[in-house]
Amino acid sequence: MVEQSIQKLIEALKDQDSIFGPLMFENRRFEKIDPDLWAEALEDRADGEDSMENELDKEGFIHARNLTELQGFMLECHKCPLEKTRTNLVFGSGNPKAKVMVIGEAPGAEEDLQGKPFVGRAGKLLTDILAAIKFSRDEVYITNILKCRPPGNRNPLPSEMEVCIPYLHRQIEMIKPKLILCLGLISASGLLNLKLSLGKMRGNIYELGNAKVMVTYHPAALLRNPQWKRLAWEDVQKFRKLYDDMVG
Ligand code: SF4
């Protein structure tokens, strides 16, 4: 009973966090992420100017030539404690040359068991949302900010995100999507490095390298708060229109 109440409280806090953002977040003007700066950052990594990236570089994943090689490196990853508690690494699934990437926050229990992103109820809802805007799951590429499940489905820690996001950046470099849809505050703030609430990010079009990025609710939050589905529907319709304008 007490555990159920605590779980409900955690879910409610997660939902509030999704809408309003953590209180300690301060608003910041979004600065466009210039493709040249993105390329420079990659060069810095290769030149060893960034010590953390250099550390990662030593381990070789930066030189992975394709997604299969990258997944191989990640299966050996010990950069955060989640590798000890996960059942399976959840690398991602879908079209390796997708024009659209969909990025969530972290694997849940079912994803951890199956080693696939967005399975279970939230996954079914994501499939339905994509189908409603005429995308099949096989056509897009779906992954998460973290590749291993945080115990008890807690939010990813900043330290875990910091060491795992470079893998996501490498996936994006390989897939080269034209558009990215971030699901939930953690995905959006992690990928865009923005400290804004979800409400302030929804509806905007951001640029990350050569990709345009939009933000909407996480399907798990929509399951808990069906009244947000209308807003999510507006978001994904805008996303589809952007796709049609860019890709045709
Ligand atoms: S969550 Fe990411 S950084 Fe942590 S062990 Fe898994 S792959 Fe490595």
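Start by selecting K176, the residue that follows α8: its phi is positive, near 55°. Keep in mind along the way that this is a predicted model.

Now step back into α8 itself, residues 158-175. Even so, look along the helix for a kink of about 35° at C164, shortly before the proline P166.

Next, colour the buried residues of α8: E160, M161, C164, Y167, L168, R170, Q171, I172 and I175. Show their surroundings too, and you will see them packing against α4 (67-75), α5, β2 (100-104), β3 (141-144), α9 (185-192) and β6 (211-216).

Time for the ligand. Select M74, C77, K79, C80, L82, E83, L146, K147, C148, E160, V163 and C164 to display the residues around it. Eight of this shell are nonpolar and four are charged, with no polar ones. Both α5 (82-85) and α8 supply at least two residues here, and α8 gives the most, with three.

Finally, bring up the largest nonpolar core, which has 55 residues; M101, I145, L181 and C182 have the most contacts inside it. Its largest share comes from α8 again, with six residues. Centre the view on C182 to finish: beyond its neighbours within four places in sequence, C182 is in contact with I103, S187, A188, L191, V213 and V215.

Key:
Residues numbered from 1 in each chain as written. Predicted model: local features only at pLDDT ≥ 70, side-chain atom pairs only at ≥ 80, totals over all residues. Near = placed C-beta within 6 Å. Helix = DSSP H or I, 4+ residues; strand = E, 2+ residues; numbered from the N terminus. Nonpolar A, V, L, I, M, F, W, Y, C, P; charged D, E, K, R; others polar. Bend = angle between axes of the 7 residues up to and from the residue. Buried ≥ 20, exposed ≤ 12 C-beta atoms within 10 Å, placed from the backbone. Contact = placed C-beta atoms within 7 Å. Core = buried A, V, L, I, M, F, W, Y, C linked by C-beta atoms within 7 Å.
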